[in-house]
Amino acid sequence: MPLMTTKPMFDLAYEGGFAIGAFNVNNMEITQGIVSACAAEKSPLILQISKGARKYANMRFLRHIISAAVEEHPELPIAIHLDHGDTADLAKACLNDGFTSVMIDGSHEPFEGNIKLTAEVVRMAHQAGVVVEAELGILGGIEEHVVGVKAEDVEKFLTDPEQAQDFWKRTHVDSLAIAIGTSHGAYKFKHEAKLAMGRIEQIMKTCPGLPLVMHGSSSVPQEFIDLINKYGGSMPNAKGVPEDQIYAAVTKYGVCKVNIDTDLRLALTAKIREVFATKPSEFDPRNYLGPGREAIVTMVRRKLQFLNSVGKAEAVVNQWKKLGEPMPAYYKK
Ligand code: G3H
Ligand code: 13P
Ligand code: ZN
């Protein structure tokens with residue numbers, strides 16, 4: 001049962017020109033869609049759960065849905081990750097719930113506060129055999145800040161390469177989410193979509209060996225936006241990160257983990273809207289959640305191509321075996 005931390009994954013992704021897709025899960029259909037896609041493409045994957053997902057679905061239900069996915073696909077390397085944990089208590093709860101990786105997001109704290117919070121979570125998680133992702137810099141589209149802000153001030157929101165090195169040395173964090181111009185949601189850019197690729201390069205230089213993470217990486221495919229707008233929705237001016245920029249960030253600059261949630265929501269919503277609009281008498285949830293789940297499979301399969309992670313599952317499992325990584329304390333109970 002290759003449920004693992006992200007270490008064996010990042011060991012290979014770091015030098016290997018591919019990234020691990022980290023997909024947010026909130027219910028059974030979303031989880032099934034993601035896992036089916038990764039099984040079809042033989043890709044390693046991270047299933048991530050936010051505080052909101054824990055509240056919505058109840059952790060007990062999510063845990064069993066994920067256990068079922070692991071059971072169904074014993075060949076797939078899977079990590080279970082807390083997305084944007086905001087307190088040490090939440091991270092601790094996730095250690096007790098069998099997560100293999102947790103994110104502590106102290107990016108809205110002053111630098112020293114972020115270090116203190118992150119270091120505390122790293123100490124606790126490492127004792128439990130769990131890895132930690134932290135965040136430094138402010139996520140947000142570059143252009144959002146450009147409006148009325150001097151060019152030199154835009155830089156302030158991006159991750160500072162020297163600070164990243166200091167942060168890494170003092171926290172011993174296992175991976176770092178960096179701000180390079182992405183933002184969460186479906187409205188990432190007002191004008192041209194543009195990431196600060198040079199920043200990735202600089203941070204790779206000041207922090208050699210530290211796996212970097214890109215949040216806000218949905219590409220907001222126009223086909224889903226068109227379907228949503230056609231069938232009664234209203235999402236004007238939605239815009240995501242172009243796929244070629246994700247591909248470059250991964251294969252040329254070395255990003256190891258790419259977070260995607262919005263695109264899953266769009267796929268599910270677009271299909272449900274289509275069924276409701278074209279079959280107004282339909283009321284069997286299987287007949288609208290099913291097509292939604294299928295749309296997620298198709299979309300995630302496409303993503304795995306530009307994350308360049310297709311066919312990498314077996315190598316990751318072999319790396320996991322080679323490391324002889326002990327399972328987190330939770331699994332030894
Ligand atoms: O980064 C945020 C993720 O998309 C999770 O969103 O907090 O609404 O579950 P959520
Ligand atoms: P998107 O909103 O671009 O899907 O980003 C998701 C994310 O970063 C989750 O942490
Ligand atoms: Zn995020």
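Which helix is V250 found in? V250 sits in helix α12, residues 243-251, where helices (H or I, at least four residues) and strands (E, at least two) are DSSP runs, numbered from the N terminus. What you have here is a predicted model, in which local features need pLDDT of at least 70 and side-chain atom pairs count only at pLDDT 80 or more, while totals for chains, interfaces and linings use all residues. Residues are numbered from 1 along each chain as its sequence is written, chains are lettered from A and ligands numbered from 1 in the order in which they are written, and side-chain values use heavy atoms, with hydrogens and water left out.

**V250 and its surroundings**

- V250 is buried, with a relative accessible area of 1%; buried means under 20% relative accessible area, exposed over 50%, and partly exposed in between (1.4 Å probe, protein chains only).
- Not counting residues up to four places away in sequence, V250 touches G17, F18, A19, V255, V258 and L307, and contact here means heavy atoms within 4.5 Å.
- V250 and F224 are 26 residues apart along the chain, and their C-alpha atoms are separated by 24 Å.

**The nonpolar core**

- The largest nonpolar core has 111 residues; such a core is a set of buried Ala, Val, Leu, Ile, Met, Phe, Trp, Tyr and Cys residues joined through side-chain atoms within 4.5 Å.
- Helix α14 (residues 286-306) gives the most to this core, with eight residues.
- If you want to look up the residues with the most contacts inside the core, they are I34, I49, V102, L176, I200 and V300.
- Take L176: leaving aside neighbours within four places in sequence, L176 is in contact with A134, E135, L136, A164, F167, L210, P211, L212 and V213.
- In soluble globular proteins, nonpolar side chains tend to be buried together.

**The zinc site**

- The zinc ion (ligand 3) has H84 (NE2), H184 (NE2) and H215 (ND1) as its protein donors, lying 2.0 to 2.1 Å from it.
- Donors are N, O and S atoms within 2.8 Å of the metal (3.2 Å for Na, K and Ca), and water is not among the atoms, so sites may look incomplete.
- Along the sequence, the donor residues are spaced H-x99-H-x30-H.
- H84 in strand β3 (residues 78-85) and H184 in the loop between β6 (175-178) and α10 (197-206) are 100 residues apart, a pair that links distant parts of the chain.
- H84 is partly exposed at 21% relative accessible area, and H184 is also partly exposed, at 45%.

**Two helix pairs**

- Helix α5 (residues 88-96) packs with helix α6 (residues 111-127) at an angle of about 20 degrees, with the axes 10 Å apart; axes are lines fitted to C-alpha atoms, for helices over the stretch in contact, and angles run from 0 to 180 degrees between N-to-C directions.
- That makes α5 roughly parallel to α6, since angles under 35 degrees count as roughly parallel, over 145 as roughly antiparallel, 65 to 115 as roughly perpendicular and the rest as oblique.
- On the α5 side you'll find A88, A91, K92 and L95, which meet L117, E120, V121, M124 and A125 in α6.
- Helix α2 (residues 28-41) and α14 pack at an angle of about 40 degrees, their axes 8 Å apart, and that makes α2 oblique to α14.
- Among the residues of α2 that meet α14 are I30, I34 and A37, while the α14 side includes I296, V297 and V300.

- L266 is found in helix α13 (residues 262-278) and counts as buried, at 5% relative accessibility.
- Beyond neighbours within four places in sequence, L266 is in contact with V220, P221, F224, I225, I228 and M235.
- From L266 to G292 is 26 residues in sequence and 9.4 Å in space, C-alpha to C-alpha.
- R199 has its place in helix α10 and counts as buried at 11% relative accessibility.

**Positive phi values**

- Most residues other than glycine have a negative phi, and most peptide bonds are trans.
- N58 is not a glycine, yet has a positive phi of about 75 degrees; N58 lies in the loop between α3 (51-57) and α4 (59-72).
- V220, not a glycine either, has a positive phi of about 50 degrees and is buried, with a relative accessible area of 4%.
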